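Work through the exercises below with the sequence and the coordinates open. Each task is followed by a solution in steps.

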Amino acid sequence: MQAWRVHRNGEPSEVMELEETDRPSPGPGQVLLEVRAANINFPDALLCRGQYQVRPPLPFTPGVEICGETEDGRRVLATPALPNGGFADYVVADEAALLPAPDALDDAEAAALHIGYQTGWFGLHRRAHLQAGETLLVHAAAGGVGSAAVQLGKAAGATVIGVVGGPEKAAIARGLGCDLVIDRRSEDIVAAVKEATGGRGADVVYDPVGGDAYAKSVKCIAFEGRVVVVGFASGAIPAPGLNHALVKNYSIVGLHWGLYNTKDPAAVRACHDELTKLAAQGVVKPLVSERLPMADAARGVQRVADGTSTGRIVVLPAGGAR
């Protein structure tokens with residue numbers, strides 16, 4: 001079979017190599033899956049760079065989420081078992097963690113419903129307890145993680161403010177349903193949020209960026225607001241001033257979705273059931289901006305690493321849209 005392999009750490013476009021290799025063999029409790037679509041996530045870039053919290057032994061295949069097909073023909077969502085990730089023709093995955101692919105979504109959309117939307121749902125509902133009528137501020141609102149949070153925030157009845165970089169991404173964020181879009185390159189985030197909320201600020205901030213995005217967020221957070229720390233796509237990890245959180249009476253909550261797979265797998269399945277219903281109703285639909293053949297996977301991962309992509313880029317090993 002074909003698989004992208006990383007033999008040394010570095011930039012994805014430089015270290016990912018497409019190779020012929022043997023199919024992985026399932027271990028106890030695992031199943032072999034044919035990959036129908038593999039979604040590109042920012043952690044794939046971090047894996048290539050050797051900067052992810054999990055560091056698989058070299059060589060490895062990146063690709064942390066897929067839509068695949070079981071040997072008996074079932075279409076499922078899975079997180080492949082590293083070091084044999086999803087940018088390959090076949091993967092192995094834990095059978096107990098497989099989730100049925102929603103009928104309302106095609107393979108590329110289904111692959112993109114998994115980690116980003118689960119992260120959004122747990123972040124907004126389990127960690128931040130977002131309520132209808134509240135204001136949600138989403139950073140990187142046109143990206144894969146941010147676009148999911150925008151749709152889920154609207155589904156929850158929140159007013160959603162999206163922060164993006166550039167007019168192209170602003171147009172995408174508006175199309176996703178943002179009530180207000182702020183272009184961080186030309187607008188003052190803090191002033192715009194305060195103006196839009198009558199000085200109150202955002203009740204919930206969804207931050208997959210870190211760095212300056214976090215610093216601006218806590219300057220326009222509402223009384224009893226909640227900042228959900230999802231990731232650090234900017235490369236800068238903030239050092240929160242806890243005295244500031246104290247005097248302004250806001251909460252900083254972390255979210256590592258992967259922990260729920262081990263700590264509370266039943267909650268993951270319940271979340272998937274809810275996401276499947278929302279997809280069937282047309283309330284959420286992953287924004288798939290590109291569908292790439294296997295040969296172009298490294299280019300796609302590099303674009304995600306560089307922050308130039310919008311929505312989700314999905315790799316289709318069979319080479320065609322399914």
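**Exercise 1. List the buried residues of helix 12 and find what they pack against.**

Step 1. In helix 12, the buried residues are Ala297, Ala298, Gly300, Val301, Gln302, Val304 and Ala305. Buried means under 20% relative accessible area, exposed over 50%, and partly exposed in between, with a 1.4 Å probe and protein chains only. Helices (H or I, at least four residues) and strands (E, at least two) are DSSP runs numbered from the N terminus.

Step 2. The model is predicted: local features need pLDDT of at least 70 and side-chain atom pairs count only at pLDDT 80 or more, while totals for chains, interfaces and linings use all residues. Residues are numbered from 1 along each chain as its sequence is written, and side-chain values use heavy atoms, with hydrogens and water left out.

Step 3. Helix 12 spans residues 297–306, and seven of its ten residues are buried, so it is largely enclosed by the rest of the structure.

Step 4. The packing partners of these buried residues include strand 1 (2–6), strand 2 (16–20), strand 14 (288–293) and strand 15 (312–316). Helix 1 (12–15) and helix 2 (42–49) are also among them. Contact means heavy atoms within 4.5 Å.

Step 5. After helix 12 comes Gly307, with a positive phi near 75 degrees.

**Exercise 2. Repeat the analysis for helix 2: which residues are buried, and what do they pack against?**

Step 1. Asp44, Ala45, Leu46, Leu47 and Cys48 are the buried residues of helix 2.

Step 2. They pack against strand 1, helix 1, strand 2, strand 3 (30–39) and helix 12.

Step 3. Gly50 follows helix 2, and its phi is positive, near 75 degrees.

**Exercise 3. Locate Gly63, Thr310 and Arg74, and decide whether each is buried, exposed or partly exposed.**

Step 1. Gly63 lies in the loop between helix 2 and strand 4. Its relative accessible area is 0%, so Gly63 is buried. Not counting residues up to four places away in sequence, Gly63 touches Asp44, Pro80, Gly85, Gly86 and Phe87. Asp44 is also one of the buried residues of helix 2.

Step 2. Thr310 is in the loop between helix 12 and strand 15. With a relative accessible area of 9%, Thr310 is buried. Leaving aside neighbours within four places in sequence, its contacts are Ala142, Lys169, Ile172 and Ser289.

Step 3. Arg74 sits in the loop between strand 4 (65–69) and strand 5 (75–78). Its relative accessible area is 40%, so Arg74 is partly exposed. Apart from neighbours within four places in sequence, Arg74 is in contact with Gly68 and Glu69.

**Exercise 4. Identify the backbone exceptions at Pro59, Pro83, Glu224 and Asn249.**

Step 1. Most residues other than glycine have a negative phi, and most peptide bonds are trans.

Step 2. The peptide bond from Leu58 to Pro59 is cis, with omega near -10 degrees. Leu82 and Pro83 are also joined by a cis peptide bond, with omega about 20 degrees. Pro83 lies in the loop between strand 5 and strand 6 (90–94).

Step 3. Glu224, in strand 12 (residues 221–229), has a positive phi of about 60 degrees although it is not a glycine. Asn249 likewise has a positive phi of about 60 degrees, and Asn249 is partly exposed, with a relative accessible area of 38%.
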